Amino acid sequence: MSEFRVRFAPSPTGKVHIGNIRAAIYNWLFARHTGGKFLLRVEDTDLERSTPEAIEALLECMKWLGLDYDEEAFYQTKNKPRHMEAVEKLLASGHAYKCERTSRDGKTGQVIMFKMPKEGVIEFDDIVKGKMAKKAEDIQDFAIVRSDGSPIFHIANVVDDIDQRVTHIIRGDDHVENTFKHICIFKALGASVPKYGHLSMIVNQQGKPYSKRDGAAFVGEFREQGYLPEALFNYLLLLGWNPGDDREVLTKEEMVSLFDLEKVHVTAAKFDMKKLQWMNAEYIKRLSEEVFTNELLNRVAKEGMVVPEDYDVKYLVSQLQIRTKFLNDIPSACRCFFSDDFAFDEKAVEKRLKKEGVKELLLDLVERFTKAPVWLAPELENLVKELSQGGGMGPWVHPIRVAVSGRGEGIGLFEMLQLLGRDKTLQRLKYAAENICI
RNA sequence: GGCCCCAUCGUCUAUCGGCUAGGACACAAGCUUUUCAUGCUUGUUAGAGGAGUUCGACUCUCCUUGGGGCUGCCA
């Protein structure tokens, strides 16, 4: 046994929970760090929910995060003959027995139970939690085959791990109790027991398991909201592990070379959306100009806006990139540049335009801007600065911003005016003065 | 109830017996000759409680308290 083999074994239910994908990330990192193999096993035994679409969504989500797997994907349903073979073996060796039972939901029939040892201690050395031990007598016999003849998780999981030659099982904390059972199955089957590492759960502010009620909980949702996969990956990794120094934003190469499963934390980690947002902004800032420009162009086009041939996109990008927290914010931030059909924010209009004297102020500016010798941000700024006579530029800046963009925030005002050009600026100032101001 | 696990700022964490307890997010203040943002500087805030071991404990041991997980013909 020279090579480490780990696996990610999700049930394809259509949505991939962040806790689950974090387990995938740790598995992937472990494999890449050790030069081992990262395997994918699709636990598709729930025929109702395991649709081709759900499987496609799972694969898509892994691809998005850059979790490439080795060898062919393994489908649990296809291994059913092997599961039953193992059950026969257990039956024959006396490790399992048939039994009449009534399930919780009232089903009655014959199931096959795994027979737990009646004495002794089951122990294992968990890579993240340390020494774990439990008296065999504290664990009851459990079902491994349903009355309809289908294999249950416990046996399927163990047999698949044997068949995939998995050496390290890195999975969620909720499986700790199962591990004691699974170890017994491995032994009963005469297979070698893999090493285990149990990852703590991701919890909400109240300390309860993080669910969709607490906010975005599935990978797809983060994607839709404009999070960068690298940011989510990095944040999830840091939730329970750190490189040992103060670095937080790490490259994939750093993650791979520094990752150490033994240094993963035992305690549950609270999910902090604010920090993820910060991380996302960090990654957006670090995007190359080319990549950000492409994102901008694509997203703007998708919203039906047209960027003129000779547009100074480079300048817009230089202004917008550092201010972008979510890629999804790009279209609304760009709308006023590429379309005259932008919405006016009611609050901003109320606060900045529907005030005594604003109309006159804007009309005065129209005159001054008309006479401006050059249409460049620094000159425009000087022009307004002169007007403010050393005082704050707020009384001019805010009404102009709302008049030309409809919003109270955005890139630097004078840069905005430069990008808009003289004609559009004048046209919008006039329109606001005559139709919106009081 | 039984069994298992956990415990440093509000949050993520550093510390592997020497600590004036460090960093990041968030929050607050200031600066960038007073639009927003970025950037920079500064500030507030932490070792659940109690015993023990030790010259010395946030670090080791035990107890208490608090939190979480599991206890399915779900995975």
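Residues are numbered from 1 along each chain as its sequence is written, chains are lettered from A and ligands numbered from 1 in the order in which they are written. In this predicted model, local features need pLDDT of at least 70 and side-chain atom pairs count only at pLDDT 80 or more, while totals for chains, interfaces and linings use all residues.

Student: What pLDDT does chain A average?
Tutor: pLDDT is the predictor's confidence in each residue, from 0 to 100. The model scores ipTM 0.93 and pTM 0.93. In chain A, 100% of the residues score at least 70, and the average pLDDT is 92.

Student: Which domains does the assignment give for chain A?
Tutor: Domain bounds come from an automatic or database domain assignment. For chain A they are domain 1 (1-72 + 200-286), domain 2 (78-199), domain 3 (287-338) and domain 4 (346-435).

Student: Which element gives the most to the side of domain 1 that touches domain 2?
Tutor: Two residues are in contact if their C-beta atoms, placed from the backbone, lie within 7 Å. On that basis 21 residues of domain 1 are in contact with 16 residues of domain 2. Strand 1 (5-8), helix 1 and strand 2 (37-42) each supply at least two residues of this side of domain 1, where helices (H or I, at least four residues) and strands (E, at least two) are DSSP runs, numbered from the N terminus. The most, 6 residues, comes from helix 1.

Student: Which residues does isoleucine 25 touch?
Tutor: Residues up to four places away in sequence are not counted here. The residues touched by isoleucine 25 are then Leu67, Phe233, Leu236 and Leu237.

Student: How many charged residues does the surface near RNA strand B have?
Tutor: Ala, Val, Leu, Ile, Met, Phe, Trp, Tyr, Cys and Pro count as nonpolar, Asp, Glu, Lys and Arg as charged, and the others, Gly among them, as polar. The surface has 20 nonpolar and 20 polar residues, and its charged residues number 21.

Student: Is glutamate 71 buried or exposed, and why?
Tutor: Glutamate 71 sits in the loop between helix 2 (52-64) and strand 3 (74-75). Its phi is positive, about 60°, although glutamate 71 is not a glycine. Because it has 12 C-beta neighbours inside 10 Å, glutamate 71 counts as exposed.

Student: What phi does arginine 165 have?
Tutor: The loop between helix 4 (153-163) and strand 9 (168-172) holds arginine 165. With 15 other C-beta atoms within 10 Å, arginine 165 is partly exposed. Although arginine 165 is not a glycine, its phi is positive, at about 55°.

Methods:
Buried ≥ 20, exposed ≤ 12 C-beta atoms within 10 Å, placed from the backbone.
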